[in-house]
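Reader: I would like to learn how to read charged pairs and a nonpolar core from a set of atoms. Please take one feature at a time.

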Amino acid sequence: LPAPRDVAGLEGTSFAPLLADPERAWKTAVFSQYPKGGNMGTAMETDRWRYVEWRKGQEVVDRELYDRHSDPGENQNVVARPEHAATLEKLAAQLAAGWRGARP
């Protein structure tokens, strides 16, 4: 399909290069948002982890971390486990960088 004429208001990155070369390096994460109970959840998924920050305004009121390799059903929130502290710090920084920080 041809690209829209006015792309100034659009966000994202064309994945056409990935269609031409499926083995090329690509985005390191995907992002989504979901409102619940007056809070906004912003989630990021990498090849292994799903990390969610729940915010009320600018304040983080809760967090979730799931290891999708050992828990593909995302049943065990491991955010409070000390052995995941470094992963949590890295993912929080990556989430703060947003989708633009995950581009190829």
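Predicted model: local features only at pLDDT ≥ 70, side-chain atom pairs only at ≥ 80, totals over all residues.

Reader: Which other residue forms a salt bridge with Glu45?

Author: Arg68 does, with the closest N and O atoms 3.5 Å apart. Glu45 belongs to strand β2, while Arg68 sits in the loop between β4 (59-67) and α2, so this pair ties together parts 23 residues apart in sequence.

Reader: Is Glu45 buried, partly exposed or exposed?

Author: Buried means under 20% relative accessible area and exposed means over 50%. Glu45 has 26%, so Glu45 is partly exposed. Arg68, at 28%, is also partly exposed.

Reader: With which residue does Asp67 form a salt bridge?

Author: The partner is Arg48, and the closest N and O atoms are 2.7 Å apart. Asp67 lies in strand β4 and Arg48 in the loop between β2 and β3, so the pair ties together parts that are 19 residues apart in sequence. Asp67 counts as buried because its relative accessibility is 6%, whereas Arg48 counts as partly exposed at 32%.

Reader: What surrounds Arg48, leaving aside its neighbours within four places in sequence?

Author: Arg48 is in contact with Tyr66, Asp67, Arg68 and His69. A C-alpha distance gives another view: Arg48 and Ser70 are 9.0 Å apart in space and 22 residues apart in sequence.

Reader: Now the core. What is the general idea?

Author: In soluble globular proteins, nonpolar side chains tend to be buried together. Here the largest nonpolar core has 12 residues, among them Ala29, Met44, Trp49, Tyr51, Leu91 and Leu95.

Reader: Which elements each supply at least two residues of this core?

Author: They are β3 and α2 (85-101). The most comes from α2, which gives four residues.

Reader: With which residues is Met44 in contact, again leaving aside neighbours within four places in sequence?

Author: The contacts of Met44 include the core members Ala29, Trp49, Tyr51, Leu91 and Leu95. Val30, Phe31, Arg50 and Gln94 are also in contact with Met44.

Conventions
Residues numbered from 1 in each chain as written. Heavy atoms only, no water. Contact = heavy atoms within 4.5 Å. Core = buried A, V, L, I, M, F, W, Y, C linked by side-chain atoms within 4.5 Å. Buried < 20%, exposed > 50% of the residue type's maximum accessible area, 1.4 Å probe, protein only. Salt bridge = Lys/Arg side-chain N within 4 Å of Asp/Glu carboxyl O.
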